[in-house]
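Hi everyone, thanks for making time this morning. I'd like to walk you through one structure, so please have a look at it while I talk.

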Amino acid sequence: MTVSRETLARAIAEDLVLDELPASFDVLGQRYSGKVRENFTRAGERLIIVSDRVSAFDCVLGTIPFKGQVLNQLAAYWFEITGDLFPNHLISIPDAQAVRAVECEPFMVEMVVRGYLTGSSSTSIWRAYDRGDRTFCGHQLADGMVRHQRLPANIVTPTTKAAKGEHDENRSKAQLVADGVISMELFDRLEQQCLSLFAHGQRLAAERGLILVDTKYELGRRPDGEIVLIDEIHTPDSSRYWYADGYDDAMAAGQDPRALDKEYVRTWLVSQGFTGDGQPPALPDEVRIEAAARYIETYERMTGRTFEPDMAPPVERLTAKLL
Ligand SMILES: Nc1ncnc2c1ncn2[C@@H]1O[C@H](COP(=O)(O)OP(=O)(O)OP(=O)(O)O)[C@@H](O)[C@H]1O
Ligand SMILES: [Mg+2]
């Protein structure tokens, strides 16, 4: 990791962290404030400003220094190298933490792809398995599997795309088709495309000593009718990454694989007794700094590039560039 802990502490002390954006940004278009991103839609385009907010278990927990810059640049990296495999919404990156994208009509289904029997939230495949379920989103699971074990094959386990404040819910393909959410033919095509994209991601991650464990793809229809990836791709917010090195030893010892990124924040929350219900505990600065270090490490490992933080105060910088 090339950014020192002192720099991360300084970013917190000097408040170089982007939480909310002032109303002056509303000139950029119709605003939708997501948990993590501020979206501005105008004339067929969506400008997305990736804040430094962190969410887990569908709650916003606080901010992590440089998280927006890291995630936006990691998503841009993946969009650029996978564009021929699956077209996406990216137009340009006007700032380290902003993206210009084609406005699409979002699909009401999120395509989760999983390679491992893991997870910590109540909707995760591991929690379901641990409760005794042997069918998950229509996929049969064998008895006798253990936590974090690799699945016999990668699987797509779709969820509904919940409205703000609601939780996404697991669905099988049969349910989605029966509910008229999507046709069988379209689902089958998208499932194959998502599996190919994920396998490609896993191969590249493996070359970097990482395991791409699972991910969530959001899809949308472009004005020309084409179905493209929207939102983000293979970022630590939408995906889980583990270090490949040490995975076998951890499994043999019955321990958790060493995780990069957001799993660290989730694990910390669970250690504080929080699993999504009630008021989340405030993140101490040392947890925010450690999380930032891991996000940066994920970016540098995955891309082979050095992360160069933009140390300009974010609201002023974005105002100068975008307004
Ligand atoms: N190109 C696009 N066209 C239309 N919608 C998009 C596009 N890219 C991203 N989105 C949507 O913009 C939002 C991004 O903001 P963010 O991820 O912070 O929201 P969120 O809190 O996850 O919200 P949601 O619960 O709606 O997913 C998501 O709802 C995502 O589906
Ligand atoms: Mg989102």
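Predicted model: local features only at pLDDT ≥ 70, side-chain atom pairs only at ≥ 80, totals over all residues.

Let's begin with the ligand. How many residues surround ligand 1? There are 17 of them, and the closest are Lys-35, Arg-37, Arg-46, His-89 and Glu-218. Lys-35 puts a backbone N or O atom 2.6 Å from an oxygen atom of ligand 1. Val-36 also uses a backbone N or O atom, this time 2.9 Å from an oxygen atom of the ligand. With His-89 we turn to a side chain: one of its polar atoms sits 2.8 Å from a nitrogen atom of ligand 1. On its own, ligand 1 would expose 600 Å², and the protein buries 92% of that. If you want to know which elements give two or more residues to this shell, they are strand 2, residues 37-42, and strand 3, residues 45-50. Sorted by class, the shell holds seven nonpolar, seven charged and three polar residues.

The largest nonpolar core has 60 residues, and Met-111, Leu-190 and Tyr-217 have the most contacts inside it. Helix 8, residues 285-303, supplies the largest share of this core, with nine residues. Take Leu-190 as an example: setting aside neighbours within four places in sequence, its contacts are Phe-86, Phe-107, Met-111, Ile-182, Leu-219 and Ile-227. There is also a second, separate core of 11 residues, with Ile-125, Tyr-129, Leu-141 and Met-145 among them.

Is Asn-72 buried or exposed? This residue belongs to helix 2, residues 67-82, and it counts as buried because its relative accessibility is 5%, with the cut-off at under 20%. Its side chain reaches the backbone oxygen of Ala-96 at 2.9 Å. Not counting residues up to four places away in sequence, Asn-72 touches Val-50, Ile-93, Asp-95, Ala-96, Gln-97, Ala-98 and Val-99.

His-234 is in the loop between strand 14, residues 227-230, and strand 15. At 0% relative accessibility, His-234 is buried as well. Its contacts beyond four places in sequence include Leu-74, Trp-78, Leu-197, Thr-215 and Tyr-241. Tyr-217 is another of those contacts, and you'll remember Tyr-217 from the largest core.

For a contrast, look at Asp-15, in the loop between helix 1, residues 5-13, and strand 1, residues 30-33. Why does Asp-15 count as exposed? Its relative accessible area is 54%, and the cut-off for exposed is over 50%. Asp-15 and Pro-65 are 50 residues apart in sequence, yet their C-alpha atoms are 8.8 Å apart in space.

My last stop is helix 7, residues 263-271. Its buried residues are Glu-263, Tyr-264, Val-265, Arg-266, Trp-268 and Leu-269. So what covers them? The cover includes strand 4 (53-56), strand 5 (59-63), strand 15 (239-243) and helix 8. After helix 7 comes Gly-273, which has a positive phi, near 85°.

That's my tour, and I'm happy to go back to any part of it.

How values were computed: Residues numbered from 1 in each chain as written. Chains lettered and ligands numbered in written order. Heavy atoms only, no water. Near = heavy atom within 4 Å. Polar contact = N/O pair within 3.5 Å; in protein donor to acceptor, adjacent residues only side chain to side chain. Areas by Shrake-Rupley, 256 points an atom, 1.4 Å probe, with all protein chains shown as cover. Helix = DSSP H or I, 4+ residues; strand = E, 2+ residues; numbered from the N terminus. Nonpolar A, V, L, I, M, F, W, Y, C, P; charged D, E, K, R; others polar. Buried < 20%, exposed > 50% of the residue type's maximum accessible area, 1.4 Å probe, protein only. Core = buried A, V, L, I, M, F, W, Y, C linked by side-chain atoms within 4.5 Å. Contact = heavy atoms within 4.5 Å.
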